[in-house]
Amino acid sequence: MGAPKNQETPPKTTPATNRVLAHTGARYPIIQAPMGWIARTQLASAVSRAGGLGIIETSSGETANCQAEITKMSALGLPFGVNLPIRFLKDDAMLRFVCASGVKFVTTSAGSPAKFIAPLKDAGITVYHAVPTVDAALKCVDAGIDGLVVEGGEGGGFKNPEEVSTLVLLQAIRAKVDVPLVAAGGICDGRGMAAAFALGAEAVQMGTRFVSCAESPVHANYKNAIVDAGVTGTWMLNTKASPCIRALKSQRTQAIHEAGLMPADSFAGIQRVYFDGDMEAAPALAGQTAGLIDSIKTAQQIIEETVAEFFAISQRMGELAAARSFG
């Protein structure tokens, strides 16, 4: 029997068990973002060993190499996931490989996950999709997705040109859906994690913070550029075309910013940025958290400090609530 017409249906309560931890097997609800060429075993294993969830990328398009990385990561016996960027996959080879590989957790992105959900879930895989809008979130939930990665405009890499901050987007999506949410964009420490949880997230995803960590395979020049950047040290570029990106300020990105459009070959030298340290070879993708990162730390340090800060803030907020005080 339904609730009386003059009585509101009570809101769903927060689950006693963190659903992201249940889905991923990680110790802490901290996920490493799937950066192309960067998010491979070297970085993902460091994050997973530290208690987070490492993710193996496939956006580089190097199918054989990415499959080898998935196999290598599987052999370590650590919890991890794989990202499938739908728009960037050449064919279904990676999807078929992942379904047969024993992977338990997948994030999808860059396109509609509708055709991917059934084969992935038939293989026993939990699927989260990355969304930049409320409309996209609702469509994914209707399609049967298990969870969402909510990507605010503060994050680095490929973005929605109609940027909405994680602060606003997370609240808007949580008000409409009850699936587990992973907050992404603008988060690199326990303060950001605590804020995200207060808004309804059950996990956070960090990209720029882990790109600049000690175990990241990128060149020291890239890491140092992140450390040296301020909170206004990035630009949203190519907002009137595709792809729209957020990248560090440089001579190259200044030219793109001033022109308003990004040349088609802009990413031809991206691996020279990543691995040779030529910061003008291509736009160096990074989020606004570059302005909050002031040193290079190990994945272990990042995760331990984030968790400790998260609990310290949570305890203080709990004490304020118990005392009915604003401090």
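## Handedness and basis of the model

A crossing counts as right-handed if the near helix is turned clockwise from the far one by less than a right angle, and as left-handed if the turn is anticlockwise. The model is predicted, with local features needing pLDDT of at least 70, side-chain atom pairs counting only at pLDDT 80 or more, and totals for chains, interfaces and linings using all residues. Residues are numbered from 1 along each chain as its sequence is written, and side-chain values use heavy atoms, with hydrogens and water left out.

## Packing of α3 and α4

The crossing of α3 and α4 is right-handed. Helix α3 (residues 63-75) packs against α4 at an angle of about 15 degrees, and their axes are 11 Å apart; the helices are DSSP runs (H or I, at least four residues) numbered from the N terminus, and the axes are lines fitted to C-alpha atoms over the stretch in contact, with angles from 0 to 180 degrees between N-to-C directions. The two helices are therefore roughly parallel to each other, a term for angles under 35 degrees.

On the α3 side, the contact (heavy atoms within 4.5 Å) is made by Thr63, Cys66, Gln67, Ile70 and Thr71, and on the α4 side by Ala93, Met94, Phe97, Val98 and Ser101. These residues divide into 6 nonpolar, 4 polar and no charged, where Ala, Val, Leu, Ile, Met, Phe, Trp, Tyr, Cys and Pro count as nonpolar, Asp, Glu, Lys and Arg as charged, and the others, Gly among them, as polar.

## Packing of α4 and α5

The axes of helix α4 (residues 93-101) and helix α5 (residues 114-122) come within 9 Å and cross at roughly 25 degrees, and α4 and α5 are therefore roughly parallel to each other. The crossing in which α4 passes α5 is right-handed. Leu95, Val98 and Cys99 of α4 meet Phe116, Pro119 and Leu120 of α5 in this contact, which has 6 nonpolar, no polar and no charged residues.

## Cysteines

A search of the whole structure for disulfides, taken as pairs of cysteine sulfur atoms within 2.5 Å, finds 0. Cys66 is in no disulfide, and the nearest cysteine sulfur, that of Cys99, is 16 Å away. Cys66 is buried (under 20% relative accessible area, with a 1.4 Å probe and protein chains only), at 1%.

The sulfur of Cys188 lies 13 Å from the closest cysteine sulfur, that of Cys213, which is too far for a bond. Cys188 is also buried, with a relative accessible area of 6%.

Methods: Parallel < 35°, antiparallel > 145°, perpendicular 65-115°, else oblique. Buried < 20%, exposed > 50% of the residue type's maximum accessible area, 1.4 Å probe, protein only.
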